[in-house]
Amino acid sequence: MDDHSQFRLLSKRRFLPFFLTQFSGAFNDNLFRNVLLLLITYTAGGLMGLPIDVAVNIAAFVFIVPFFLFSGIAGQLADKYEKSQVIRWVKLAEIAIMVLAAVGLWHGWYEALLLLLFLMGVQSTFFGPVKYALLPQVLTDDELVGGNALVEMGTFVAILVGTLAAGLLMGSEQPEKLAAIGVVVLAVIGYLAARKVPVTGTTNPDMTIGFRPLRETWNLMRLAAENYSVLLCIMAISWFWFLGAAYLTQFPSFAQTDLMGDETVVTLLLAVFTIGIALGSVACERLSGHRIELGIVPIGSLGISLFGLDLYFNMPANPVPTDWWMIITDSQHRQLAIDLLGIGFFGGLFIVPLYAFVQQQTPEPQRARVIAALNVFNALFMVVSAGMGILMLGVIGLSIPEFFLVLSIMNLIVAGFVYQQVPEFALRFIVWVLSHTIYRVRHEGLRQIPDDGPVLLVCNHVTYMDALIIAGAVRRPIRFVMDHQIFKMPILGGLFRLAKTIPIGPRNKVPEIYDAAFERIDEELDAGNVVCIFPEGKLTSDGEVGTFKNGVEIIIQRRPVTVVPMALRGLWGSFFSHCGGPALSHLPKRFWSRIELVAGEPVSAEKAAAEMLEQRVKGLRGSGQ
């Protein structure tokens with residue numbers, strides 16, 4: 001097995017018990033909920049005299065209400081107390097609830113089961129924040145994406161298996177009694193796994209717990225809004241759940257009405273969609289290079305919409321009765337299955353980096369409460385999704401394929417808004433594309449760059465792509481200092497503006513730009529950010545490292561910070577370099593070129609000087625160009 005594969009985490013004591021705990025919980029939730037819905041539909045013939053459709057929707061609503069009521073308190077508990085202990089409390093509560101549920105199932109007390117479904121929602125509400133807040137405490141930075149990928153994969157596989165198991169149980173002679181035994185056994189397994197979850201320590205032990213449910217939920221919203229980038233990521237995650245709920249809710253009617261399919265078609269559609277999400281979640285870790293890569297998120301959103309559009313345009317013009325085998329063997333029906341697989345796959349790519357970003361960017365003492373706020377937004381968006389489905393299908397009168405088309409178009413609009421508000425998404429997307437098409441980038445020594453605090457990077461300057469390559473390799477956001485003329489270029493100028501690049505020019509020609517640049521650099525370093533300069537002041541004209549100007553010394557004199565020398569190798573000859581003529585004036589001669597970015601040992605402010613740093617960079621660059 002690849003040493004860097006996320007699946008290696010399943011062999012680690014710090015992750016496997018947690019994974020089994022959350023998997024068994026998601027499995028049990030869906031087994032119990034689906035068995036109850038099927039019993040209400042096919043055995044009880046309704047609930048409390050209500051029509052079946054109304055009863056089923058009430059049951060779904062009962063499960064989701066606790067997320068609005070108790071997420072605030074759940075987030076506080078997870079931040080205040082040690083997380084493995086909270087998990088064990090929650091899993092003990094699950095055993096108690098499931099024992100009562102087993103009695104209700106055994107005796108057919110469906111009204112009582114509705115109350116227990118509410119309690120299961122409460123239990124899930126308290127498990128959600130601690131589940132995601134625990135991951136950054138037990139995983140390293142380069143494991144966080146892989147860990148989230150496994151959690152998402154496990155969650156959706158558990159949803160699928162729980163749903164299928166409920167259907168299989170309903171085909172038995174005594175489904176109520178088998179389900180009663182199953183939910184208790186799963187709850188006990190979850191608790192036993194939870195006992196092995198490692199102790200993590202408390203993150204905010206002095207917090208005072210507030211017991212005003214709605215007020216605490218409102219406080220969560222305010223807390224989540226403090227970091228605008230995190231808030232927009234939360235909105236994007238909730239939008240995914242909006243889309244997922246919209247698709248999953250319509251599968252039964254879609255299969256029956258638009259595909260003229262039997263119950264096996266519904267199961268197949270659910271399985272294909274869920275497996276797609278699981279595969280996308282797993283692929284995300286590989287595509288991101290074992291790091292939080294926001295550049296994959298736009299790829300995910302684009303894929304969701306493209307496959308959604310293809311689904312609409314591949315609907316059979318004259319549907320005929322179908323079963324699961326026809327969906328697989330008939331080319332047109334198979335394309336529909338491929339489209340649903342694609343929507344799920346790109347959904348997995350979309351959601352995993354966002355979860356990891358929220359976890360990483362949220363301060364540890366607040367992390368569980370921010371995750372709780374995320375759960376509230378997820379629940380809210382799923383409720384709105386149900387309302388939109390009723391509006392579009394019931395009031396406006398759209399067909400289900402037309403509804404799916406509307407969702408695909410809305411997804412493009414929402415994605416465009418998010419990327420416009422958080423330019424880092426678009427910038428990282430372009431960096432990711434470059435590093436997977438034109439260049440293959442190998443990194444060396446990047447851990448020399450401090451994880452926090454101000455730092456100045458100095459590097460040789462070979463191409464117009466240097467800043468993007470460095471931005472794609474270094475984990476921390478970087479403010480680059482570059483020639484102001486580059487901002488006049490139609491495409492590159494826009495990219496560097498997105499990256500908050502600092503323009504600079506010659507003091508004797510543009511003194512106001514020159515002075516403003518050093519003011520901006522000082523402000524960024526004072527704020528604890530990373531600044532990168534190319535001390536040669538221009539692209540190399542012969543592939544060699546040019547003379548370093550004294551700008552680096554001016555920066556250090558104003559703000560003494562650590563300096564990390566870096567060197568780019570293998571870029572000379574690129575379409576974006578001056579090799580063979582001015583950059584961008586000749587056709588590209590090579591793609592997927594192997595290049596290297598090497599970082600050397602940090603240099604203290606006292607020792608940093610232009611000539612010494614020039615020699616360090618030349619040494620790192622070596623004889624190659």
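1. Phe27 is buried, with a relative accessible area of 16%, where buried means under 20% relative accessible area, exposed over 50%, and partly exposed in between (1.4 Å probe, protein chains only). Phe23, at 23% relative accessibility, counts as partly exposed. Both residues belong to helix α1 (residues 16-43) and are four residues apart, about one turn of the helix; helices (H or I, at least four residues) and strands (E, at least two) are DSSP runs, numbered from the N terminus.

2. The model is predicted, so that local features need pLDDT of at least 70 and side-chain atom pairs count only at pLDDT 80 or more, while totals for chains, interfaces and linings use all residues. Residues are numbered from 1 along each chain as its sequence is written, and side-chain values use heavy atoms, with hydrogens and water left out.

3. Rings of Phe, Tyr and Trp (its six-membered ring) pair if their centres lie within 6.5 Å, and planes under 30 degrees apart count as stacked, over 60 as edge-to-face and the rest as tilted. By this rule there are 22 aromatic pairs. One of them joins Phe23 and Phe27 edge-to-face, at 6.4 Å centre to centre with 65 degrees between the planes.

4. Phe480 and Phe534 are both buried. Their ring centres are 6.4 Å apart and their planes are at 10 degrees, so the pair is stacked. Because Phe480 lies in strand β3 (residues 478-483) and Phe534 in the loop between β5 (530-533) and α19 (551-558), the pair ties together parts that are 54 residues apart in sequence.

5. One aromatic cluster is formed by Tyr247, Phe251, Phe254, Phe273, Phe403 and Phe404.
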